[in-house]
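Could you walk me through this model, one selection at a time? I have it open in my viewer and would like to know what to click on next.

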Amino acid sequence: MSAYAQPHPRFSVLSSSSLSSAELLSPTNSSGRFSLPSAPSVTTTTGTPKPLSRPNIYDRPLNKTRTAEVSAASFAFLFSEVVQYMQKRVSGINDLERRLNTLGYRLGTRVLELMIWRSEFASKTPKREIRFLPALMSIHTNVWRAVFGKPADAIEKSVENEDEYMIIDNDPVVTRNISIPRDMSQLSCSSFTAGIVEAVLDGLGFPARVTAHNTPNETFPQRTTILIKLEKSVLEREELFK
Amino acid sequence: MAIFGLWVINKAGGLVYQRNFAEGLAQLTSNEHLVLAGTLHGIHAITSRLSPIGSSSGAHVIEAETFKMTILLTATGTKFVLITSIAEPSANTVLQKVYEAYADAVMKNPFHTPEMPIRTEGFDTRITALIGSGHT
């Protein structure tokens with residue numbers, strides 16, 4: 001029981017970092033952010049920030065990735081609640097997957113913006129991926145690493161349909177603790193991840209429909225395939241590049 | 001040295017998970033298991049109030065001639081009970097790991113209803129990996 005009495009080490013890290021960031025946070029800057037003519041009261045209240053108040057999340061440096069990690073356990077609980085909340089409000093598995101996809105899409109648009117900023121802001125010759133395969137590779141490696149902390153496990157191209165590509169994750173972080181009941185075996189909560197991929201592809205100019213499917217095998221019971229079905233226009237453009 | 005069985009009792013005294021791992025325990029019906037778990041819950045409540053000085057977290061080990069029960073009470077009132085042979089030295093560490101598996105595979109699973117019987121495949125897998133496969 002003594003283990004519960006002592007506070008988690010992370011709390012002390014948080015409080016010490018809040019102090020150091022509070023020093024960085026210049027009061028003139030933060031009040032300038034709120035100097036809207038329609039909201040004068042806001043300016044007066046934030047004009048004198050308390051020295052011990054928590055740092056504004058928007059004022060943290062964007063390209064610091066090491067300390068920006070969040071607790072996987074907290075995320076697991078949050079995601080669990082998200083799924084439970086949605087489950088009460090949907091009519092079926094397809095509807096639930098669509099909603100998870102939409103939620104992931106909202107995240108994906110931000111992930112893309114952040115990643116491009118992180119990789120290109122210091123570059124003298126900023127570039128943008130315009131071919132599909134390098135873009136897919138960058139999703140497999142960079143997006144996965146930024147969001148899940150590890151690259152995905154494989155990329156495959158469909159043999160039957162030339163417009164289909166697959167990203168395979170043997171042990172997806174998002175669904176690591178989720179056991180799908182038998183009567184819902186079609187459901188893949190990785191639809192959330194599919195939404196992220198769809199948003200990134202959309203943002204890069206490769207419109208596609210992205211879905212998630214459970215493809216377990218002996219060693220990896222949680223193995224998941226993210227299936228990307230590209231729009232015709234993308235394939236036609238790829239042809240022109242050749 | 002052997003681990004015979006594992007019970008998980010919710011905070012209301014209901015048995016939410018029961019599994020045997022080795023021969024040696026009396027064969028009981030699920031109803032009898034429920035009654036026993038409820039009784040243990042009551043005994044535990046009594047032992048936690050008997051402490052002569054200060055508060056007590058209740059019984060930790062109940063030892064019989066041929067087996068012992070090691071009880072882990074969590075902060076939320078869920079109890080994990082491990083039924084082992086008397087000489088089994090790892091009961092406490094195993095219980096801690098069971099608690100960990102419970103926190104991961106059960107509490108973070110959106111398809112589990114708190115305080116209801118645990119029908120989570122992931123938990124079964126984790127327990128099998130931890131203690132070994134057994135019967136039901």
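This is a predicted model: local features need pLDDT of at least 70, side-chain atom pairs count only at pLDDT 80 or more; totals for chains, interfaces and linings use all residues.

**Stop 1: chain B as a whole**

Select chain B and switch to a cartoon view. Followed from the N terminus, the elements come in the order β-β-α-β-β-β-α-α. Chain B has 136 residues, and 43% of them count as buried. If you like to think about how the chain folds back on itself, take the contacts between residues at least 6 apart in sequence: 51% of these join residues at least 24 apart.

**Stop 2: the sheet of chain B**

Now colour the strands of chain B. The five strands make an open sheet, ordered S2-S1-S5-S4-S3, and the pairing is antiparallel. Look at the two edges, where S2 (15-20) and S3 (61-63) of chain B sit; each has a single partner strand, so one side of each lacks a neighbour in the sheet. Turn the view to see the twist, which averages 15 degrees from one strand to the next.

**Stop 3**

Show side chains for two facing pairs. B:Trp7 stands opposite B:Gln18 in S2(B), and B:Gly5 stands opposite B:Asn20 in S2(B). Five residues lie between the two strands of the hairpin, and there B:Gly13 takes a positive phi near 95 degrees.

Is S2(B) mostly buried or exposed? Five of its six residues are buried, so S2(B) is largely enclosed by the rest of the structure.

**Stop 4: helices on the sheet of chain B**

**Stop 5: a sheet in chain A**

Move to chain A and look for an open sheet of four strands, in the order S1-S2-S4-S3 with antiparallel pairing. Its edge strands are S1 (154-157) and S3 (208-214) of chain A, each of which pairs on one side only. On average, neighbouring strands here are turned by 20 degrees against each other, direction ignored.

Zoom in on S3(A) and strand S4 (residues 224-230) of chain A, an antiparallel pair joined by seven bridges. Within this pair, A:Ala212 stands opposite A:Ile226 in S4(A). Then select residues 132-148 of chain A to bring up helix H7, which lies across S1, S2 (164-169) and S4 of chain A and runs at about 15 degrees to S2(A).

**Stop 6: where the chains meet**

For the last stop, show both chains. How many residues of each chain are in contact with the other? The count is 17 residues of chain A and 14 residues of chain B. Between them the chains bury about 1,300 Å², with 62% of it on carbon and sulfur atoms. Zero salt bridges are found across this interface, while two residue pairs are in polar contact. To see the largest share of chain A's side, select helix H5 (residues 72-87) of chain A, which contributes seven residues.

How values were computed: Residues are numbered from 1 along each chain as its sequence is written. Chains are lettered from A and ligands numbered from 1 in the order in which they are written. Side-chain values use heavy atoms; hydrogens and water are left out. Two strands pair if DSSP finds at least two bridges between them. Axes are lines fitted to C-alpha atoms, for helices over the stretch in contact, and angles run from 0 to 180 degrees between N-to-C directions. Buried means under 20% relative accessible area, exposed over 50%, partly exposed in between (1.4 Å probe, protein chains only). Contact means heavy atoms within 4.5 Å. Buried area is the accessible area (1.4 Å probe) that two parts lose on being put together, summed over both. A salt bridge is a side-chain nitrogen of Lys or Arg within 4 Å of a carboxyl oxygen of Asp or Glu. A polar contact is a pair of N or O atoms within 3.5 Å; within protein, one must be able to donate a hydrogen and the other to accept it, and residues adjacent in sequence count only if both atoms are side-chain atoms.
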